[in-house]
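Subject: Structure handover

Hello,

Here is the structure for you to look at. My notes on it follow below.

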Amino acid sequence: MEYNYILASVPEYFTMQPIVAVPSFICADAFNKFLPFCTGFAAGCMIWMVIAEVLPDAFKEASPTPVASAATISVAFMEALSTLFQNLSHDYNSQDASGYFVSLLFGLGPLLGGIVLVAFAHAFSLQHALLMGAASGIAFVLGGWRPVQLLLSSKMGFIPLVFLLAAGAAFVHVSSSSILKLAGRKKTSSVSLPTVNSFPVSVLTLQSFLSCGAVALHALAEGLALGVAAPKAYGLGQHMVLPVSLHGLPRGAAVASCIYGATASLPASLAAAALIGFMGPTSAIGAILAGIDYSGLDHVMVFACGGLLPSFGRIVKRAASLDTRKGSCGFIFGVGFATLCLTCTKLVCLHTPYCNSAPEAVR
């Protein structure tokens, strides 16, 4: 009976729908002036529900600090999303759309570098001293590659270059020293800090994480340059993937080697490489949204390169204290690996048109 009633009411529904649509449109047009008041009323109801229902339940399950942090992050995320949609709707063009797509591919290089390094280290059971030496060698090449290029091409004078390198080194050194001192006051013993996840965070392990922070700063600076170049890439920018991936391989390998050598944790090292790979696309998309050009980015890049030197200076000292011979071999291996990857990037850019849209970003 119920099924027959539904079938009988279908023609009536389709008959009434056009008839009701006309007065509905008239009413909607008539009440259009009240729409701001209605949306404001709905917003007020949502705010009241958050204050009266959601927040009290959250405070029952967690302390005020994480609740406030989560609320702040959610508001910042919604504001960023709103800004992104406004830019896409008002200033949309095909170049920016291609730039967003290309920017997402910039994280492949570091992730692949981390996977290769971790697989190699796990397969051959490489010692911690060798891995830390390799990370330091890669970092020193990354820190010196772009400044040497700028100096040899006369795009930056010697004194400004040295000043920016020293400023970056001083900034990272002061920041990391302050964090290490703060952690030293809170440590539970002379060696280890409170456990995080499954492994104890020692002071030496914390130094490794801080060194990865310096690599993240380098990735952010390089991502700005790639973000300037990405909208200019022809097609969907897939031709930029090869040189950019080659350029990012050493960065992911350095981070994965540093974390794996300090923690012997495969998930932690792969997560660190993935996170570093995420830095480049984030910075590139920010550059596209801000509409910046390449002027001044070389100075930012040299500043970030300077930050790599003091961070991994501590790591190479740690590697030498564990095993001088293996640490030295790892350092030489890291220098060779990073030089090979960056030289291959240079050759690809010189003999193919892949870098035409990003001559200053990956050469």
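Ser154 sits in the loop between helix 6 and helix 7 (158-186). Helices (DSSP H or I, at least four residues) and strands (E, at least two) are numbered from the N terminus. Ser154 is not a glycine, yet it has a positive phi of about 60°. Its relative accessibility is 65%, so Ser154 counts as exposed. The cut-offs for relative accessible area are these: buried is under 20%, exposed is over 50%, and partly exposed is in between (1.4 Å probe, protein chains only).

Ala264 also has a positive phi, about 55°, and is not a glycine. Look for Ala264 in the loop between helix 9 (241-263) and helix 10 (266-290). Ala264 is partly exposed, at a relative accessible area of 44%.

Before you go further, note that this is a predicted model: local features need pLDDT of at least 70, side-chain atom pairs count only at pLDDT 80 or more, and totals for chains, interfaces and linings use all residues. Residues are numbered from 1 along each chain as its sequence is written, and side-chain values use heavy atoms, with hydrogens and water left out.

Now the confidence. pLDDT is the predictor's confidence in each residue, from 0 to 100. The protein has a mean pLDDT of 76, and 72% of its residues reach 70 or more. Confidence is highest in helix 6, at 89. Strand 1 (residues 192-196) is where confidence is lowest, at a mean of 44. Residues 1-16 have pLDDT below 50, and this stretch has zero contacts in the model beyond near neighbours in sequence. A contact means heavy atoms within 4.5 Å. Residues 188-200 also stay under 50 in pLDDT, but the model gives them 23 contacts beyond four places in sequence.

Next, the overall make-up. The protein has twelve helices and two strands. From the N terminus, the order is α-α-α-α-α-α-α-β-β-α-α-α-α-α. There are 363 residues in the protein, and buried residues make up 38% of them. Take the contacts between residues at least 6 apart in sequence: 83% of these join residues at least 24 apart.

How do helix 6 and helix 11 cross? The axes of helix 6 (residues 128-152) and helix 11 (residues 297-322) come within 8 Å and cross at roughly 155°. Helix 6 is therefore roughly antiparallel to helix 11. The axes are lines fitted to C-alpha atoms over the stretch in contact, and angles run from 0 to 180 degrees between N-to-C directions. Angles under 35 degrees count as roughly parallel, over 145 as roughly antiparallel, 65 to 115 as roughly perpendicular, and the rest as oblique.

Two residues are worth a look.

Phe303 lies in helix 11. With a relative accessible area of 26%, Phe303 is partly exposed. Leaving aside neighbours within four places in sequence, Phe303 is in contact with Leu164, Ala167, Gly168 and Phe171. His218 is 85 residues from Phe303 along the chain, and their C-alpha atoms are separated by 8.6 Å.

Ser208 belongs to helix 8 (residues 203-229). Is Ser208 buried or exposed? Ser208 counts as buried, at 1% relative accessibility. Not counting residues up to four places away in sequence, Ser208 touches Cys258, Ile259, Ala262 and Ile315.

Best wishes
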